[in-house]
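Biologist: I'd like to learn how to read helix packing from a model. Can you walk me through it?

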Amino acid sequence: MRVGDKIRDMLRSFLQIEPATGQGFYIHTALDWQGNAAKNRMWYRGDAAELNEFYQQIPDQSTQCFWAAVPTRGLEIRKCHTGLPKEIIETLAGLIVADLNGVTFPTDSGGKAENLLKKDLWERIAKENEFRSLVTRALCGCMVIGDGAFKIIRNPDLSELPIIEWVDGDRVELVYHYGRIREIVFRNNYPKGYVLYEHFGFGYVRYELHQNGNKVDLSRLEETAALEDVTFDTSYMMAVPFKIRESNKWPGRGQSFFEGKTDAFDALDEAWSQWVHAMRTSRPRVYIPENLIPRDANNGALLKPNAFDCQHIAVERDASENAKNEITLQQAAFYAEQYNSTYITALDLALQGLISPSTLGIDTKKMDNAEAQREKEKTTLYTRQLIIDALTDTLRSLVGVVFKTINDADGQSLEDTEADVVFGEYANPSFEAVVETLSNPNTPMSIEAKVDELWGDSKDEDWKRAEVQRIREEQGLATLEEPAVSGAIGGMLDDSTNWGKALDDESQAVSGAVGAGQ
């Protein structure tokens, strides 16, 4: 190779990419799990004074959040809370519990008599534990905090039936092994720094009392002196966790419905507070010359304005040329449309992905036709179905654990109990509309399907069968009894192997009778 070629190869352009050097990122989180749960509970409680005091104690929040801001002296404004977070949670919990038709036990698992006994026993347990109220508290606590757990307690001094208690997630610790829950720890706080930890695991319930971080004897407190550790069959745990969404910030924990929404709630409160402040500062003021103010007939003193009758501000008499001593009314401009637009935008962001405004009785779009109403309820339907799916699985597990607890105490086999949790429909058409649709003969449904769709779970199967038979008889579709076949022909016709011979014998008999007649 010549020298010139070597030089050209050395100067040839080439691309070489150097990988980026590794960098470390440190993100400071203002609140841990317990602090975040406390923040969500403050929003659910809906007390403006508590929100203001809580946010002012969070570091690095004084210049960012409306509730943490401290106004300049002399320029204070009224901070108003709309109460929207609490309305969202209680509305969702209310419409789900209202549609809860109860727990049923299928007849294909075990005998029918056994399931009837289970049904009667569960009705007693549900009545004693106020099941609907219990589910309502569980739903509210789970949607606000993120998760929680049911615990089953056997205390013969209080009840012969199992006692079911709900505990919110801020007093629950979940212990996982390889992604599977192995233990649930319930925390109970007592005065003077005492904390009781209840460890519910597979086959055991263990109690530990701590004071200021140190383990002490249970006899220290009167409330815990009678507690004793319990052991039972290791196939089940006397506690059932409940969560609706998985948290992407704290693995293994549930996600609150307020997660990612607190800034929107804060902005909504700021928009409403600004509206109230502007409305207050734009009140009308009456300016009246001093010589036109009413005077006291006894001493001639100026009468003070009455807050109810009228309000006025006295001004000096105008002695200038062409002056007119007249009463003037002044009022600042109040831009209601602009404030309303800001409020609606903040409201939409706060409700986005959680619940439809129409479910809360808010009509922001001013559309009242049926199609618009169904469209406005879609978000509520999505959230409702998400909650029902999670609640159904949890309640099935809860019912199974309750019956295992009873069977274990009675020395019976610990078989799984199959149970169904039945929910009704939400935002369905009115009863009159359903009747009109199903009574149409062109509706492509059988009579049985129409009766089942119309009455649902409100009527039992025997009543539905009788109703189907009545409709068939009214429409002339009832099945008539087949006429009986007499004599030997009927007996021979029953035998499928002799049907040909029967026809031949009958034909010969008829021919003979005709010949004799001739």
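This is a predicted model: local features need pLDDT of at least 70, side-chain atom pairs count only at pLDDT 80 or more; totals for chains, interfaces and linings use all residues.

Biologist: What describes two packed helices?

Modeller: Two packed helices are described by the angle between their axes and the distance between those axes. Here, helix α6 (residues 131–145) and helix α10 (residues 378–410) have axes that come within 12 Å and cross at roughly 125 degrees. That makes α6 oblique to α10, and their crossing is right-handed.

Biologist: Which residues of α6 and α10 meet?

Modeller: From α6 you have Phe131, Val135, Leu139 and Met143, which meet Ile387, Leu391 and Leu395 in α10. By class, the residues of this contact are seven nonpolar, no polar and no charged.

Biologist: At what angle do α2 and α3 pack?

Modeller: Helix α2 (residues 33–45) and helix α3 (residues 48–55) pack at about 155 degrees, with axes 8 Å apart. Angles over 145 count as roughly antiparallel, so α2 and α3 are roughly antiparallel to each other. The crossing of α2 and α3 is left-handed.

Biologist: And what meets what between α2 and α3?

Modeller: Gly35, Ala38, Lys39, Met42, Trp43 and Arg45 in α2 meet Glu50, Leu51, Phe54 and Tyr55 in α3. That contact of α2 with α3 has six nonpolar, one polar and three charged residues.

Biologist: One last thing: are Cys80 and Cys142 buried or exposed?

Modeller: Buried means under 20% relative accessible area. Cys80 is buried because its value is 7%, and Cys142 counts as buried at 1%. As for disulfides, a search of the whole structure finds zero.

Terms used
Residues are numbered from 1 along each chain as its sequence is written. Side-chain values use heavy atoms; hydrogens and water are left out. Axes are lines fitted to C-alpha atoms, for helices over the stretch in contact, and angles run from 0 to 180 degrees between N-to-C directions. Helices (H or I, at least four residues) and strands (E, at least two) are DSSP runs, numbered from the N terminus. Angles under 35 degrees count as roughly parallel, over 145 as roughly antiparallel, 65 to 115 as roughly perpendicular and the rest as oblique. A crossing is left-handed if the near helix is turned anticlockwise from the far one by less than a right angle, and right-handed if clockwise. Contact means heavy atoms within 4.5 Å. Ala, Val, Leu, Ile, Met, Phe, Trp, Tyr, Cys and Pro count as nonpolar, Asp, Glu, Lys and Arg as charged, and the others, Gly among them, as polar. A disulfide is a pair of cysteine sulfur atoms within 2.5 Å. Buried means under 20% relative accessible area, exposed over 50%, partly exposed in between (1.4 Å probe, protein chains only).
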